[in-house]
Amino acid sequence: MLNAVYRLVEPRRFEVEFNDVELDDEHIIVRPTHLSICNADQRYYQGTRPAEVLAKKLPMALIHEGIGRVVYDSCGEFKPGQMVVMIPNTPFEHDDIVAENYLRSSRFRASGFDGFMQDNVAMRRDRVIALPEGAKPEVAAFIEFTSVSYHAVTRFMRFAHSRRRTIGIWGDGNLAFTVAIILRLRIPDAKLYIFGKHVDKLDNFSFAEETFHINQVPDELVVDHAFECVGSSGAPRAINQIIDHIAPEGTISILGVTEELAPLNTRMILEKGLHVFDSSRSGREDFEATVRMYEEHPEVIRYLDCLIDNVIDVREMSDFVTAFDSDMHKAGGKTIMLWNK
Amino acid sequence: MIYGVVLAGGVGRRMGNAEKPKQFMTIGGKPIIVHTVERFAVCSELEKVIVLTPEKWIDHTRNILAKHIPDMSRVVVIEGGDTRNETLMNSIRYIESEGNLDDDTIIITHDAVRPFVTYRIISENIKGAQEYGACDTVFPATDTIVRSDDGVVVSEIPDRSKLYQGQTPQSFKAKKLREIYEGLSEDEKAILTDAAKILVLKGEKVHLVMGESFNIKITYPYDIKVAETILKGDE
């Protein structure tokens, strides 16, 4: 079947191209309905990735956060009309130790191959999960984003020692908010301290015990463990501030993405015996757990609903630019595209 | 109920010396008609996809479709008529023979040689036909259109902002379309080759659905080259 793929060909310019999708038993044809813009998409759209990366990856369809409606499944496992979440990570091997999202052979939508800005998306059967009935589609659109936070917290629970009285979260954006919500749910007894630089954003963390402006952190303040959710040029400063305020043998979970190398106070990492680990992306198990969390904890959906900044109806290619530009200039939150192209 | 109706009645005269009708020419290594029918076959809203073709091409059409479409249970290939409108009437007769023709039955009719139709266009056609009774897929005219009554001098240059190029699908409430068509005289039937035009002349509302610049009709050998260029997007 011929399928329209809306690819970014150079920063800020989209073009349509067609590919031929085989209607085979291995794939399910999904019509995207709600797509969520991620900062990673913005880095391609704005051209802030290094030139050699852009040259290698473009043209490519953006967006790796999204849900859609099944239009065709030759095996009948999914009924037409069934709402599903699409998993962007696509593994090609199984490893007993290494998770699918860390296998070097895995490919990722809107990074290694076309994302979801397509007329229909041919999804491998194991890359689709049914959405529960009644799931709010605008919130479900960014399940991938939530699943990355869920994955990071799962790893934290595996790696971190059991003294979890206080957990610091550096960052006041979407990622920090989502990580904090999931920590609140999964480790309800821990005190959550949020460290940011935007007072209005810090105010949104009403469920956390304390919030601190990063320039006014008391010297004596200590956290047992910490999450870095800052990324970009602010990441090194955040990680070094964590190193200053974390208790010995604590874990630092790094989630922010930065293009530059980060100079770190490794002497103090050694002296305190810290455990530094990173988390990136997520796999099918994380998606399943996140969908279960949505089902069992409606309060999580209510909190995440507050993250939605803008919902834009996308019918024309010019609407792509409207959506990405609006997302670029937002103060915070997520931009959702209602996919009617 | 909603039916997809793919019109593959063309004999391909405009394709130069092509031996087969133009819908059997290949782009991307696959016959054009297969691309088009695949697009409709994945639309779960459609009860069936009816492909209408000259009698002698029925078996060949069925064979090539079956090679590429795993589930042919919703695809039928039947004989078209002598004209485009007679072909449409054959599709309505087929629906009637299945016992599914009522006032709300909708047909989404599409040229077999427009393989680049998208999900949005089809889905807006369904909505348009349900809401207005009929709709026509169009795209704003880019060239200035000149009207000449005698082929020698210009009679009129209409305001381009009000002009659109007709594409397909064209979608109708099937029963209503047949009633109006059967009310035409033989002379009218001979002149009115476009079903949407029949409805407009009879005072019926025909809703506009916005098409796409790439929803091209593959008519001339040059179009095959354009189509191959559009179809360059394999990963």
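This is a predicted model: local features need pLDDT of at least 70, side-chain atom pairs count only at pLDDT 80 or more; totals for chains, interfaces and linings use all residues.
Residues are numbered from 1 along each chain as its sequence is written, and chains are lettered from A in the order in which they are written. Local features need pLDDT of at least 70 and side-chain atom pairs count only at pLDDT 80 or more, while totals for chains, interfaces and linings use all residues.

**Stop 1: chain A**

Select chain A. It holds 11 helices and 17 strands (DSSP runs, H or I of at least four residues for helices, E of at least two for strands, numbered from the N terminus). Its C-alpha trace spans about 65 × 40 × 35 Å along the principal axes. Buried residues are 45% of its 341 (buried means 20 or more other C-beta atoms within 10 Å of the residue's own, with C-beta atoms placed from the backbone).

**Stop 2: helix α1 of chain B**

Select residues 32–41 of chain B. Is this helix enclosed or open? 10 of its 10 residues are buried, so α1(B) is largely enclosed by the rest of the structure. Among them are B:H35, B:E38 and B:R39.

**Stop 3: a helix pair in chain B**

Select α3(B), residues 84–97, and α5(B), residues 174–182. Their axes come within 10 Å and cross at roughly 130° (lines fitted to C-alpha atoms over the stretch in contact, with angles from 0 to 180 degrees between N-to-C directions). Now show the contact: B:N85, B:M89, B:I92 and B:I95 of α3(B) meet B:A174, B:R178 and B:Y181 of α5(B) (C-beta atoms, placed from the backbone, within 7 Å).

Conventions:
A residue is buried if 20 or more other C-beta atoms lie within 10 Å of its own, exposed if 12 or fewer, and partly exposed in between; C-beta atoms are placed from the backbone. Two residues are in contact if their C-beta atoms, placed from the backbone, lie within 7 Å.
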